[in-house]
Amino acid sequence: MRLIEAIRSALSAIMANALRSLLTMLGIVIGVAAVIAMVAIGSGARNLVDSQIRSLGANLAIVTPGNVTQGGARLGAGAASSLTDEDAQAIRREIDGVVAAAPFVQGGAQVVAGGSNWGTRIYGIDLDWFSAREWDVATGRTFDPEEVRRGDIVILLGQTVARNLFGEDDPIDQIVRVRNVPFRVIGVMASKGQSAFGQDQDDVVFVPLDAGRRRVIGRNYAKDRSVGSIFVKFANESDIEPGIESMTELLRQRHRIIGEQEDDFSIRNLTEIANTATASANTLSMLLAAVAAVSLLVGGIGIMNIMLVSVTERTREIGLRLAVGARPRDILRQFLIEATTLSTIGGALGIGLGMGVAYLVAQLAGWPSLVSTNAIFMAVGFSALVGIFFGFYPAQRAAKLDPIEALRRE
Amino acid sequence: MALIEARDLSRVYSLDAGRVVALDGVSLDIDQGDFVAVMGPSGSGKSTFMNLIGCLDRPTDGQYRLAGTAVESLDADGLARLRNREIGFVFQQFNLLPRVDALANVELPMIYAGFDRRTRREHALQALGRVGLAERAHHRPMQISGGQQQRVAIARALVNSPSLLLADEPTGALDSRTANEIMALFQELNREGVTIVLVTHDAEVGRHAQRLVRFRDGRVTEDRRQTPVDARDLASEAAE
Ligand SMILES: Nc1ncnc2c1ncn2[C@@H]1O[C@H](COP(=O)(O)OP(=O)(O)OP(=O)(O)O)[C@@H](O)[C@H]1O
Ligand SMILES: [Mg+2]
């Protein structure tokens, strides 16, 4: 009997007891769903971490003014700030393991070039920005130290801004106006694409820190040397935690905060966000792995049980098949295929359910839902294996039946 | 050379309660084209004999050749093959698969013979036609009468063109009129050349065979030829 016919006849046997078959499959369904969800959640979390590192840069902490306990960091145009670029210099100078401390100011701005204009975000930065964020220009050049020191009115465009203002034309050495200040374009940044949270990171322009402070972003910055926030990049991940402690110490001293007084700044470890995501994904994965293992085992035993029942119920049929010329191995094959078909259908349903669960979790956690074809093949293979493994004993019992006794059975 | 050559066949069951000699040195030749009725009291070894010559069971002692093949020398697969090609079984309880239609039931032996779907279909329809049930090909066993079910079972037994048809109490579950119809069918098949061995309790049924073999206590006590009564006549008489 060809395989396809054997499967068809197995299907008809399964359909003859549709409800019973469905209940039997349940363990496999849940087990496979857990495997699929586990793999999807694991790779989703990994993806989130990857894209976070890709968009921000590795081993990064951010110092923001204000205290998180007082309602979060205050950023944006015109906000009073307790941080200065001297704080950044001090961090760069005095904290171990710091490779870059990039102070910046930011705000919204209309950028005008000839007839076009484009609303975007503008950052005032110094040279450390490029190493901290691991971000360079694609064409043209970055600022030179003199331009940063003097606060020259030169500008770097993000890809999105360049495309919207200049289309296919080369923007280098063109003049764009921001708040009526004419900036000369000296470079276009490399593309970063979407952030982990779906923002277009290329919709941005950069100017030297002082140019930003004085000319475009806000009066409050111009009064002193204050900055919006500081990105601090460490050489190694292990430097971050001790670095944050010594930075806190340093900034408290510099800001003359003593005793019980609250910090007027806060420092967050950006890799920690990623690590938290990984850790909770790992916990979830372990849980799902346990659910998968138990469900597959229970499902397998369920299949074994139902196949034994089926062999008993169909003893006469087996006797008849033997009488008309089936070899024991034909009977073995028939019941193995039936068990495998049963478990594979369960596996297919499980894949559907697992994808649903993975999608829900991805929605809740805010990362892209990823069900790899590998995981699907693995799940199908796994459920088929469960069928073969747990179907073998019942099938063997069927194959070993004596035709005469089998035919006599009621 | 006879189709069936049984020499001193014995079958002994060893049970906790002791030995049961079901068959005790039976020697019997059956020629191609014969129609044999096996009769005898309950427990006399009729079914045991049928199982042996049907290659479903092995003798404790003695030799058995079917169509020239020494059955003792065959392994389980060899026996299965022999059952598949050379023997058709008809049972008292029909033993049709309830889930599939008549056609699929008749196809079953051909599946194990390895025929493709089209050939199976063709031959199965032909066999159903031979037992007069071509138009019931797509009915399930539950949807046809007992006599019709037994016809389907006979079609199944015939589909691989076996040299031997074995029927253990084929009319046991049928009323006498239907039994006559089945016997008429057997006689017709026999006239077409099919060798038939049939077990029955019913002397009326036994009259339709050409040869009568009587068992008692695992031995043959009587073996004689007779002029068969035509079952068609009885069937049409009853119809009037
Ligand atoms: N599997 C078995 N185990 C033990 N004894 C058996 C077995 N099968 C048959 N026998 C015994 O062998 C003897 C012959 O049985 P068999 O079935 O051949 O009789 P039979 O002539 O077909 O009877 P009936 O007309 O009632 O069908 C009986 O005594 C029976 O009890
Ligand atoms: Mg009997």
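In this predicted model, an oxygen atom of ligand 1 lies 3.2 Å from a polar backbone atom of B:S44. A second contact on chain B involves a side chain: an oxygen atom of ligand 1 is 2.4 Å from an N or O atom in the side chain of B:S42. Chain A takes part through A:R408, where an N or O atom of the side chain is 3.3 Å from a nitrogen atom of the ligand. Of the 630 Å² of accessible area that ligand 1 has on its own, the protein covers 69%.

The shell around the ligand can be described by its elements. Those of chain B that give two or more residues to it are β1 (4-15), β2 (18-30) and α1 (46-53). The largest share, 3 residues, comes from α1(B). In total, 14 residues surround ligand 1, and the closest are B:S42, B:G43, B:K46, B:S47 and B:T48.

The axes of α3 (residues 102-113) and α4 (residues 117-130) of chain B come within 9 Å and cross at roughly 120 degrees. The crossing of α3(B) and α4(B) is right-handed.

Key:
Residues are numbered from 1 along each chain as its sequence is written. Chains are lettered from A and ligands numbered from 1 in the order in which they are written. This is a predicted model: local features need pLDDT of at least 70, side-chain atom pairs count only at pLDDT 80 or more; totals for chains, interfaces and linings use all residues. Side-chain values use heavy atoms; hydrogens and water are left out. A residue is near a molecule or strand if one of its heavy atoms lies within 4 Å of it. A polar contact is a pair of N or O atoms within 3.5 Å; within protein, one must be able to donate a hydrogen and the other to accept it, and residues adjacent in sequence count only if both atoms are side-chain atoms. Accessible areas come from the Shrake-Rupley method with a 1.4 Å probe; for residues, only the protein chains shown count as cover. Helices (H or I, at least four residues) and strands (E, at least two) are DSSP runs, numbered from the N terminus. Axes are lines fitted to C-alpha atoms, for helices over the stretch in contact, and angles run from 0 to 180 degrees between N-to-C directions. A crossing is left-handed if the near helix is turned anticlockwise from the far one by less than a right angle, and right-handed if clockwise.
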